[in-house]
Every structure is written in structure tokens, then in C-alpha cells.
Amino acid sequence: MVEIKFLAQVDTEKCTGCGKCANVCPTQAIQVKDKKAQVEDPQCLACPNCVDICPEEAIRKIPRVEPLVFGVDYREVDQTELVELCRKAHLHPQQWLCLCTATRVRDGAAAVLKGAKTPEEIALMTGIRSGCSAYCLMTSMRLLEAYGVELEQPKGYRWYKTTQTLWNVSEEMIKKYPGYFLEEDKDVFRPF
Ligand code: SF4
Ligand code: SF4
């Protein structure tokens, strides 16, 4: 379970409505209306993004009256499907999905099997992306791609493409450079 104890608050006197905060919010919790940013309370995971990017220093984090609690119980989904999804994504179910919240890949996979279609929806089911908000993005996108979800780039710069991994290296290159032990690295994941 992930507890969110803070909430972003906008100082409307300072806000110029530039929209930079909305572009980096990992849950699309910010809308700019009438040139002022507004935070949707139940969607704010209190990550550092909007506070860090605001050029006017118009956002601060305030304590919530009651913490928001997130979490997906991976045992509630079909375990064969869960393992198969992780295998297709080349992720081990027990490896970390989000280091900041100590969430494992199996929890993100369960969120996808329960219907999450975007990294934002995975975040709002599991509480990931409430810390650095970057490490878990790639892993979430890999799970979604492996499940056959066609990811559409949202407006702004909220997402990035998935980066290259060992699994994208061609067999030809692996054979050409045996000293990098890429085939052996793949074997680490194969048994599960
Ligand atoms: S980044 Fe700051 S100034 Fe720009 S819309 Fe957000 S709160 Fe307002
Ligand atoms: S989730 Fe992060 S970026 Fe979005 S409103 Fe809350 S603190 Fe700001």
C-alpha cells in the first residue's frame, strides 16, 4: 500500500497559466482554466514535478487532512496471465517497478490486467510515480506494450518513448560481441 500524505496547492496570485506543470504531471491532475492551474485533489500523488518546474514558484505541497491510499493486490488476478504478461515484457514479477514506493512489477502487471490502459491509470491504481516519477514510467510502458495497448503520446512532454534494452539487440550483434555476455544476461530472465 502507498500512502500519499501531501497535496499540491497553486498560488493563483503567482500563477501565469503557462501550463508547464500540467505537462509534467504523471496523473494529469492539473488543468489550466482561465489562465490558472487547478489541481484535482484525488488525482494528486504529491510527486515533485509541478513544484520543480513552475517558473513562478507558484506551487507548494501541503499536508492532506486524510492520506490517499493506493495499492493493487496482485493475488486477485489470474497468476498464469500475470506471469505471462511479465514474461512478454521481459520483466521479472518480483523486480521493482517503482523504487520510490517499493512497488513490484507484479503489482503493475495486476493493474494492467485489471484494466489500466495508460501509465497514468497504473499510477492511480498503484501509487507509483509519486516519487521521482521517471524510473517506473518505462517499466509501466513496457507492461502496457506487452499487453497490446497502443500507447498514444499525450499533448506536451509527459511521456517519452521506451528506451532500448537488451531484448532489442539483434542476434547478429550478440554473436559479434561475445565479450559483453548479452546472451548470458538474457538467461537470467529465462527460467521464470
Ligand atoms: S507552471 Fe506555475 S505558473 Fe505555469 S501554470 Fe503551473 S502553476 Fe501556473
Ligand atoms: S501529481 Fe505531482 S505534478 Fe501532479 S499535481 Fe500532484 S504534485 Fe503536481
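# Reading a predicted model, one feature at a time

Guide: Start with one residue. Ala-134 sits in the loop between helix 5 and helix 6. Keep in mind that this model is predicted.

Visitor: Is Ala-134 buried, exposed or partly exposed?

Guide: Count neighbours. A residue with 20 or more other C-beta atoms within 10 Å is buried, and one with 12 or fewer is exposed. Ala-134 has 13 C-beta neighbours inside 10 Å, so it counts as partly exposed.

Visitor: Which residues have the most contacts inside the largest nonpolar core?

Guide: They are Cys-21, Ala-109 and Val-112, in a core of 40 residues. Several elements each give two or more residues to this core, including strand 1 (2-10), helix 1 (20-24), helix 4 and helix 6.

Visitor: Why does this core lie between domain 1 and domain 2?

Guide: Because domain 1 (2-70) and domain 2 (74-158) both give residues to it.

Visitor: What does Val-112 touch?

Guide: Leave out residues up to four places away in sequence. Val-112 then touches Leu-85, Ile-122, Leu-143, Leu-144 and Tyr-147.

Visitor: Which domains does the assignment give?

Guide: It gives domain 1 (2-70), domain 2 (74-158) and domain 3 (162-192). The centres of domain 2 and domain 3, taken over C-alpha atoms, are 23 Å apart. Their contact takes 6 residues from each of the two domains. On the domain 2 side, the residues divide into 2 nonpolar, 2 polar and 2 charged.

Visitor: Which residues are closest to ligand 1?

Guide: Cys-15, Cys-18, Cys-21, Ala-37 and Cys-54 are the closest of the 15 residues around ligand 1. Cys-21 is also one of the residues with the most contacts inside the largest core. Next, sort the shell by type. Around ligand 1 there are 10 nonpolar, 3 polar and 2 charged residues.

Visitor: How many residues surround ligand 2?

Guide: There are 13, and the closest are Ala-8, Cys-25, Cys-44, Cys-47 and Cys-50. This shell divides into 11 nonpolar and 2 polar residues, with no charged ones.

Visitor: Now step back. How many helices and strands are there?

Guide: The protein has 8 helices and 6 strands. Read from the N terminus, they run β-α-β-β-α-β-α-β-β-α-α-α-α-α. Of the 192 residues, 34% count as buried.

Visitor: Where is confidence lowest, and where is it highest?

Guide: Check pLDDT, the predictor's confidence in each residue. For the protein, the mean is 92, and 97% of residues reach 70 or more. Helix 8 (residues 182-189) is lowest, at a mean of 84. Helix 4 (residues 105-113) is highest, at 98.

Notes. Residues numbered from 1 in each chain as written. Chains lettered and ligands numbered in written order. Predicted model: local features only at pLDDT ≥ 70, side-chain atom pairs only at ≥ 80, totals over all residues. Helix = DSSP H or I, 4+ residues; strand = E, 2+ residues; numbered from the N terminus. Near = placed C-beta within 6 Å. Nonpolar A, V, L, I, M, F, W, Y, C, P; charged D, E, K, R; others polar. pLDDT = per-residue confidence, 0-100. Domains from an automatic or database assignment. Contact = placed C-beta atoms within 7 Å. Core = buried A, V, L, I, M, F, W, Y, C linked by C-beta atoms within 7 Å.
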